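Please open the structure in a viewer and keep a selection tool at hand.

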Amino acid sequence: MRIDVLGAVRALGDDGTPADLGGPRHREVLARLAAAEGRMVPTDVLVGDLWLEPPARAVGALRTFVAALRRALEPGRPPRTPPRVIVTEGPGYALRLPREHVDVHRFEDALARTRRAPTAVTDLDAALAAWRGPAYADVPDSPWAQRERNRLEELRLAALELRAGILLDSGEGADLVAGLGAHVAEHPWREPAWGLLARALHRAGRQADALATLRRARHMLVDQLGLDPGADLQRLEADLLTGPAGGTPGAWTGPGARLGPRTTVDLARTLALAGGDALVHSRRDRLTAIQAAERTGDRRLTARIIGAYDVPAIWSRADDPEQSRAVVAAAERTLTALGPDGPADLKARLLATIAVESRSAGLAAAELSRAGQAAHQAEALARELADPALLAFALNGVFLQSFTRPGLAATRDRIGAELLDLATRHDLPNFAVLGRLVRLQSASARGDLDAAAAHATAADELAATTEAPLVAVLTAWFRARVTAARSTEPGGPTPAAAAAQYRAAEEALRTAGMPGLHRGLFPLALLGLRLLHDRAAPTDQHLDWGPYLHWARPHVLLAQGREAEARTALAAAPEPPHDHLQEAMWCLTAHAAARLGERGVAARAATALRDARTEDAGAASGMLTLGPVARYLAEADLSTQCAG
């Protein structure tokens, strides 16, 4: 079975035969489930999306639509056999198909692959060719469909521009002129498209037309919007004026011209705060700048380039571990080359970089030790130099190296308080945001939700002035964590409401450019919500547990009644890494060990958790909770006593 929504909604059997989906409401239900990407959509959400004013028997009508769709999508399913495509899950329904069987998911995945690796552009070509018209073209113009159409249209335009840029970067692209000309005519406010058209004209040997295109873009922006062209278009125009007539202007980094290491790292540092693709590209460009600086052989220049990327970092898992290792290696090489008598400020920035980029998750003990030492050496040098900006950067490293064992929320709160005070007194707004987020996390870990909420509000207000959209993503998760915690209180929100809030937060995080934070977080949040209500773990095979699989797997197997396999999985689970979620992983270990009567494992977990007994499990992330550590500690202790 294949579902297509990039155009009119349709379903095709394995032989290509279209299924009779029924009327517009039937197709809208299928489209809404496809848009959820395999996640369950609660019945009340579906009803609200289908009808602005739901009729009295809306739920019954929805069930009728679902039943008809199930017959259409699985015509050969024997009676009383559970459906496999549209399944009932909890309070709602979910579409269960591999991602490659839904055209919109194939498109999004191809775009993500191509952004990571331009060699995947052929996959993107195929995905773009699958568009048959506007997404969900025959679905009524309801708010959810309009939002999804707008989002996907933006992705389609970005994909077209990404493809053109890759072809131009590879030396091709002269034949793109006609297509890019039509693209610009239809979407005249997309500045990158004007730059791509100018490059394609230049590639075709039409330098005068390329310059005329950029000047037309300038006049349009100035005359109709009162805006000057962005820096990328201005640099491109300068390069076209000075470059060779028949070629392409130098080597390209993104949509503009080649930049030197200093300019590249400054631009990358600025773009990093925007999140999404800008954050991903900023990391790539930062490493490019470091490598270019190293090639010059100028040790001090290299040190400045490495240390200039003082972008506040809040999470203890790297988004691109390989890239982080490359940055750390370059910093260590440069530190050695500078020698003991090198400038103290450059050494401090290199040490702080090592501390920040050596995110604790996944590091060996020796690497963790070196990173911790680097953090404290950077801090000491920054204090001696009395440089507030340098000290803030160093304290960021100290914070990221403060996950050496469970139970250190109070320590991190002191770091966050100093960061906030320092940044406020010396006008360092980005580090003020970091200080607020660190204090939010530590208050969340201690279960002080009122204090954490105050820090969340203050962080949102700061982010509005610093243009840091990622902050709202993090605070949305915190508010979902609060809803989850309060769902256990009499008269509090329902677990379904908490799950829906987690899902909404997950949607925003998915495109935020932070895979180290994103992967596995949503399933873990759902598991925590279930544990809060003494329910079994979610067993949906489509959930990606990411780096938390070792510790979640025993619970999933227990929920499936596979006790022997759960015991084996528990025995195979390693010691949790030293990161934001180490208390959560130890609590999962303790809970599974108590249920399985594994005394040795329970005792080991209890020992690890003892210093965190007043904290909430998982809440050091500020994004989810498994409930009080004390509960899991008591389970582990009781299990050990009973076994004795």
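Begin by selecting H13 and H15, whose crossing is left-handed (the near helix is turned anticlockwise from the far one by less than a right angle; clockwise would be right-handed). Helices here are DSSP runs of H or I with at least four residues, strands are runs of E with at least two, and both are numbered from the N terminus. The model is predicted, so local features need pLDDT of at least 70 and side-chain atom pairs count only at pLDDT 80 or more, while totals for chains, interfaces and linings use all residues. Residues are numbered from 1 along each chain as its sequence is written, and side-chain values use heavy atoms, with hydrogens and water left out.

The axes of H13 and H15 come within 9 Å and cross at roughly 45 degrees; axes are lines fitted to C-alpha atoms, for helices over the stretch in contact, and angles run from 0 to 180 degrees between N-to-C directions. This angle makes H13 oblique to H15 (under 35 degrees counts as roughly parallel, over 145 as roughly antiparallel, 65 to 115 as roughly perpendicular, and the rest as oblique). Next, select Arg300, Ala303, Arg304, Ile306 and Gly307 in H13, which meet Leu346, Arg349, Leu350 and Thr353 in H15; contact means heavy atoms within 4.5 Å. By class, this contact of H13 with H15 holds four nonpolar, two polar and three charged residues. Ala, Val, Leu, Ile, Met, Phe, Trp, Tyr, Cys and Pro count as nonpolar, Asp, Glu, Lys and Arg as charged, and the others, Gly among them, as polar.

On the H13 side, select Arg299, Arg300, Thr302, Ala303 and Ile306; on the H14 side, they meet Ala330, Ala331, Thr334, Ala337 and Leu338. The contact of H13 with H14 comprises six nonpolar, two polar and two charged residues.

Rolling a probe the size of a water molecule over the atoms shows where empty space is left. How many cavities of 30 Å³ or more does a search of the whole structure find? There are three. On a 1 Å grid over the protein atoms alone, a cavity is a set of points where a 1.4 Å probe fits but cannot get out, a pocket is an open set with protein on both sides within 12 Å along at least five of seven lines, and lining residues have an atom within 4 Å of a point. Grid points are joined across faces, edges and corners, and a volume is the space filled by probe spheres set on the points.

The largest cavity holds about 620 Å³ of space. Select Leu279, Val311, Pro312, Ala313 and Ile314, which are the closest to its centre among the 34 residues that line it. Two or more lining residues come from each of H12 (276-296), H14, H15 (344-357), H19 (429-445) and H21 (470-486). H19 gives the largest share, four residues. By class, the lining of the largest cavity has 22 nonpolar, five polar and seven charged residues.

Now select Ile314, Trp315, Leu437, Leu440, Gln441, Leu474, Phe478, Ser621, Gly622 and Met623, which line the second largest cavity. About 80 Å³ of space lies there. H19 supplies the largest share of this lining, three residues. The lining of the second largest cavity divides into seven nonpolar, three polar and no charged residues.

Move on to the second largest pocket, which contains about 460 Å³ of space. Of its 18 lining residues, select Arg32, Ala35, Arg39, Arg147 and Glu507, which lie nearest its centre. H22 provides the largest share of the lining, five residues. Nine lining residues of this pocket are nonpolar, none are polar and nine are charged.

Finally, select H2 (residues 43-50) and H3 (residues 58-73), which pack at an angle of about 95 degrees with their axes 10 Å apart. That angle makes H2 roughly perpendicular to H3. Thr43, Leu46, Val47 and Leu50 of H2 make the contact with Ala58, Val59, Leu62 and Phe65 of H3.
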